[in-house]
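Please look over the chain below before reading the report.

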Amino acid sequence: MSEHTLKASITGMREGYSEYAVSQHNAIANGLERAVSQLVETFEFSSASDPYINLVDLGSADGVNSFPVIESFSRALNKKRMPLNLMVSHVDLPSADFNGLSHNIYQNECSYRQTLSTENMGIHSVIVPGSFYDSFLPENSADIIFSTTALHYASRRASILSKHVHPLCATGNEEKSAWEELSASDLNTALNHIHSSLKSGGKFWAVVPAHNRDSSTGKINNYWYREVLDVMSEQLLELVDKGIVSEESWNNFVLPVHQRHLYQWQKWFADNESMFQVDFLYAEEQENPYLQRFTNIHQDLNLFADDYLLSVRAWSEQIIIQLLPDTEQRNTFFEGLRNQFVQTPDRFENDTFSVYIGATRL
Ligand SMILES: C[S@@+](CC[C@H](N)C(=O)[O-])C[C@H]1O[C@@H](n2cnc3c(N)ncnc32)[C@H](O)[C@@H]1O
């Protein structure tokens, strides 16, 4: 079977994703102040007669984690121009849960539509089914594009992963190089589309999960949910051995995200310096919020596991469902993960590591 006929496990998040997406929320909060002061406060309006500012949320999921970003960016813009006429465009894959997104934009009390309602602003919201691997908005139409914990999603499967669900753990040169090539070409495609959607002088802010491989030992020191992915692979391979999951389904399955190293981002911007001026580009580690909560508050492994499982399930269920469509089997699978959290909690204390990019479109 040709690689390209295989199904790619690329879907949107499930409903209610953000309620438990605590690590993602922390990574965003950690870089927000700098993004506001170095990008938004230095943003120059292209013309006084521009009817509105188009602020784009790329990979918005159910929207909730973006609300503080939209609020902070809008307040900073409003200080420079009053009244501000704002259009917020929420872009996500056509398979995403747009009902949940729409509900949150209009009903959630944390929505910018609520928190900014007393400000001197006109606010319009637009939902755009699209992909950053395609033309997601007209050329020169966006003033500011931000993307939080989304640009690591791959465009497709590069190859079968024989022993793992995750490309960074590819084994053998063929698997590895297929994924490395896709990672470089995906980065190039996405940044080209972001560039063409932005107006000249427009700003781009991204927070992207990353890894921190030690170049001398080759060891992956740090990347988002490393141990969780290992345990998922081990468990799913057991289900293949038992005949519960077919070999074909396993071969069709992958968690399609590239956790890139900071130098891969640096290289792209260095190679394309006529497209963007880099305002900042750095990587940062954040303490695992679950472990903190466990040690400071819970003091109970069962509570830690319950808490952590909700988070892992929030981002992985839409992907796992493709392998285990039966709800009971899926519950058993997640129960197995939970048991691992209780039995070997030390494996799951990884901190998170993100790359932060701030750039101006030239
Ligand atoms: C982990 S969620 C992040 C959501 C939110 N921005 C946050 O920071 O919590 C990743 C989101 O990116 C979306 N996504 C993945 N690939 C995409 C693509 N090619 N184009 C647009 N959105 C994509 C997914 O559907 C999902 O909603």
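The report below describes a predicted model.

## Overall content

The protein chain has eleven helices and nine strands. Of its 362 residues, 39% are buried. Among contacts between residues at least 6 apart in sequence, 83% join residues at least 24 apart.

## Helix H6

Helix H6 covers residues 226–241. At 1.5 Å a residue, its 16 residues should span 22 Å, and the end C-alpha atoms are 23 Å apart, which agrees. The buried residues of H6 include Arg226, Val228 and Leu229, and Val231, Met232 and Leu236 are buried as well. Gly243, which follows H6, has a positive phi, near 80°.

## H6 against H11

Helix H11 spans residues 327–343. H6 packs on H11 at an angle of about 130°, with the two axes 10 Å apart. Because angles of 65 to 115 degrees count as roughly perpendicular and those over 145 as roughly antiparallel, this angle makes H6 oblique to H11. The crossing of the two helices is right-handed.

On the H6 side the contact involves Val231, Met232 and Gln235; on the H11 side it involves Phe333, Gly336, Leu337 and Gln340. By class, the residues of this contact are four nonpolar, three polar and no charged. Val231 and Met232 of H6 are also among the buried residues of that helix.

## H10 against H11

Helix H10, residues 301–320, packs on H11 at an angle of about 140°, and their axes are 9 Å apart. That angle makes H10 oblique to H11. The crossing of H10 and H11 is right-handed.

H10 contributes Leu301, Asn302, Phe304, Ala305, Tyr308, Leu309, Val312, Arg313 and Ile320 to the contact. From H11 come Arg330, Phe333, Phe334, Leu337, Arg338, Phe341 and Val342. The residues of this contact divide into twelve nonpolar, one polar and three charged. Phe333 and Leu337 of H11 meet H6 and take part in the contact with H10.

## Arg113

Arg113 lies in helix H4, residues 112–115. Is Arg113 buried, exposed or partly exposed? A residue needs 20 or more other C-beta atoms within 10 Å to be buried, and 12 or fewer to be exposed. Arg113 has 18 within that distance, so Arg113 is partly exposed.

Leaving aside residues up to four places away in sequence, Arg113 touches Ile105, Tyr106, Ile123 and Ser125. Ile70 is 43 residues from Arg113 in sequence, and their C-alpha atoms are 9.8 Å apart in space.

How values were computed
Residues are numbered from 1 along each chain as its sequence is written. This is a predicted model: local features need pLDDT of at least 70, side-chain atom pairs count only at pLDDT 80 or more; totals for chains, interfaces and linings use all residues. Helices (H or I, at least four residues) and strands (E, at least two) are DSSP runs, numbered from the N terminus. The expected span of a helix is 1.5 Å times one less than its number of residues. Axes are lines fitted to C-alpha atoms, for helices over the stretch in contact, and angles run from 0 to 180 degrees between N-to-C directions. Angles under 35 degrees count as roughly parallel, over 145 as roughly antiparallel, 65 to 115 as roughly perpendicular and the rest as oblique. A crossing is left-handed if the near helix is turned anticlockwise from the far one by less than a right angle, and right-handed if clockwise. Two residues are in contact if their C-beta atoms, placed from the backbone, lie within 7 Å. Ala, Val, Leu, Ile, Met, Phe, Trp, Tyr, Cys and Pro count as nonpolar, Asp, Glu, Lys and Arg as charged, and the others, Gly among them, as polar.
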